[in-house]
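Biologist: I am new to this structure. Please take me closely through one part, the place where the two chains meet.

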There are 2 protein chains.
Amino acid sequence: MAQNVIFTNQVATAIQELLAARPHNMVVWIADTNTRRLMPTAEHPVITIDAGEEHKTLDAVCQVWDQLNALHATRHTLVINVGGGMVTDLGGFAASTYKRGLRFINVPTTLLGAVDAAVGGKTGFNCHGLKNEIGTFAPATDVIISTRFFDTLPPRELKSGFAEVVKHALLSDHEQLMQLLEHDLDAPIDHDTLLPQLQASVGVKQAIVARDPLEQGERQALNLGHTVGHALESLTMQRGRPVPHGYAVAWGLVVETVLSHLRLGFPSTDVHRVAQFVREQYGAMGITCDDYDVLIDTMRRDKKSVNGEIACVLLASCGDYRIAQQVSPDEVRTALDIARDMMGE
Amino acid sequence: MAQNVIFTNQVATAIQELLAARPHNMVVWIADTNTRRLMPTAEHPVITIDAGEEHKTLDAVCQVWDQLNALHATRHTLVINVGGGMVTDLGGFAASTYKRGLRFINVPTTLLGAVDAAVGGKTGFNCHGLKNEIGTFAPATDVIISTRFFDTLPPRELKSGFAEVVKHALLSDHEQLMQLLEHDLDAPIDHDTLLPQLQASVGVKQAIVARDPLEQGERQALNLGHTVGHALESLTMQRGRPVPHGYAVAWGLVVETVLSHLRLGFPSTDVHRVAQFVREQYGAMGITCDDYDVLIDTMRRDKKSVNGEIACVLLASCGDYRIAQQVSPDEVRTALDIARDMMGE
């Protein structure tokens, strides 16, 4: 499960060096219709898939398999996935199952992809409405992370990824958290600041994944903010006004740090600091107490839930996390009340 | 990649003991329309797929995923595949990718499945005419092997599996080989003789797989007989008179032991002994020298081939195998001549 992650803003050079270091008989790029234009040369064949989560399907996986076959790819072929989480998840799945596993390199082009999908060895696609239910644990041999790709990201997408960066800081280090909360995500990117911050952030995920690659325990910590986050995401979808995943996670982090304060004494100053940042950067959750029942019902069906009891990752302090914490519906209601209050709702 | 293989003719008891030893929240059986009737009880749900290699498709994989989902299978669900290689390959693939990997147990019901597909961690299905090109390396946690299932196998299917048993003996032990060649495969099965022989045979495969689980080198030894065998199988398919895989492998073993004699001094008495057994049990290859060009062309496109050179696994003696041996078309012609002569063709 060892994974080499390179942080650089000289992507072309990094790829050349990797290709020299990794024996192969052919290189195949996988991109989507957005990232196709980023391909440095026409030297190697490119498999292009349609951009967008709605195309993260088995049909697209089949197309990649067919094209690998048409290119006479062998087990010695090296795949390079260039794109957001959709490309690295789907391209990684196709590569990891073609001839029972080609090696692949991930070059994430979104912040969310860089800090989440591209690292840690999960691949997958959406099957019959089941999000990422089918997949493999198959790590990219190498991941190249550059903040240069993010210059052209809409602020909304940058923010969506940044919620995971904040999550990693909550799971590891108070000082790192405070530095991150200084960001204004609508301002131009300061690469010299962001790249080392991403290195620290991805390092948090790598350390957790290394201790539990197949998510049998500790890796669940990476679901901090996601029990409430998924419920909020699901609610906005049902209402036909879906928010980006990361917005829901940001709001989920606020509610779950409140729960952490109530249950484990997570410092209230930190809860306030996180809530303030989320309010300023992501805006209001847009829920009322009339939504609580639906949210709680969704949380009961979360993958971490056991026997219908709501389960969260909670924090005693930054870096001191506890997985599989059962919380009652009443505790969730109280936390939602407090969080809405702090968010000015 | 560790795999627990149990040899017993008390299958129901073995399964009960395994279920007691492996924590799970639900058991799901996967069978095909032939092995469905073998299910011991109605205690657990059964997913049934259509029998036959022609149904080893992505559609069938999807049906298994959908039914696992309808059954609310979780990562703590235990899958038991009961059937021939088609069921253990396809069921294993579906299980190994559902939620990124459920644990599964294989109960092979054919000899070929027992000594080949069910053990060693390869899963897969046929995709757009590509045989087993898509799959995973994902070992069953446990394999239960019983010769009782083979009582109702047609002799043709028993023979098909037995070729792989002979192959394992050639790769390991002369005495084992001589004992195996005493079998009359048209006679009723002597379970007390066959079960320990299978244990030895599967042990050979396990030892090789343990040293090279991902087939990066030594595991290729298991392709003994298959360079020529695949070419013969392919020829009979083109002619619309396909033979079972194992028949082609048996003939391939004769030709490749001849090559082994020519190149590495494999004892001619052993070549004759193998050829005699194959002639008696499997009949003639049914080829003439007019077929050599087509056969050689297919061998050049074998997966072990590098730059169009024919590559075989060859033997210096029983147990002393050499992978990736390049042989010339002329050597293949000579070996085919000699083999046909010994087979009385």
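**Where the chains meet**

Modeller: In this predicted model, 20 residues of chain B are in contact with 20 residues of chain A. Two residues are in contact if their C-beta atoms, placed from the backbone, lie within 7 Å. On chain B, helix H2 (58–70) and strand E7 (130–134) each supply at least two residues of the side that touches chain A. H2(B) gives the most to that side, with five residues. Helices (H or I, at least four residues) and strands (E, at least two) are DSSP runs, numbered from the N terminus. By class, the side of chain B that touches chain A has eight nonpolar, seven polar and five charged residues. Here Ala, Val, Leu, Ile, Met, Phe, Trp, Tyr, Cys and Pro count as nonpolar, Asp, Glu, Lys and Arg as charged, and the others, Gly among them, as polar.

Before going on, some ground rules. Residues are numbered from 1 along each chain as its sequence is written, while chains are lettered from A and ligands numbered from 1 in the order in which they are written. Because the model is predicted, local features need pLDDT of at least 70 and side-chain atom pairs count only at pLDDT 80 or more, whereas totals for chains, interfaces and linings use all residues.

Follow chain B on from H2. B:His72 lies in the loop between H2 and strand E4 (77–83) of chain B. B:His72 has a positive phi of about 60° although it is not a glycine. Most residues other than glycine have a negative phi. B:His72 counts as exposed, with 9 C-beta neighbours inside 10 Å. A residue is buried if 20 or more other C-beta atoms lie within 10 Å of its own, exposed if 12 or fewer, and partly exposed in between.

On chain A, A:Arg100 also has a positive phi of about 60°. A:Arg100 is found in the loop between helix H3 (85–97) and strand E5 (103–108) of chain A. With 21 C-beta neighbours inside 10 Å, A:Arg100 counts as buried.
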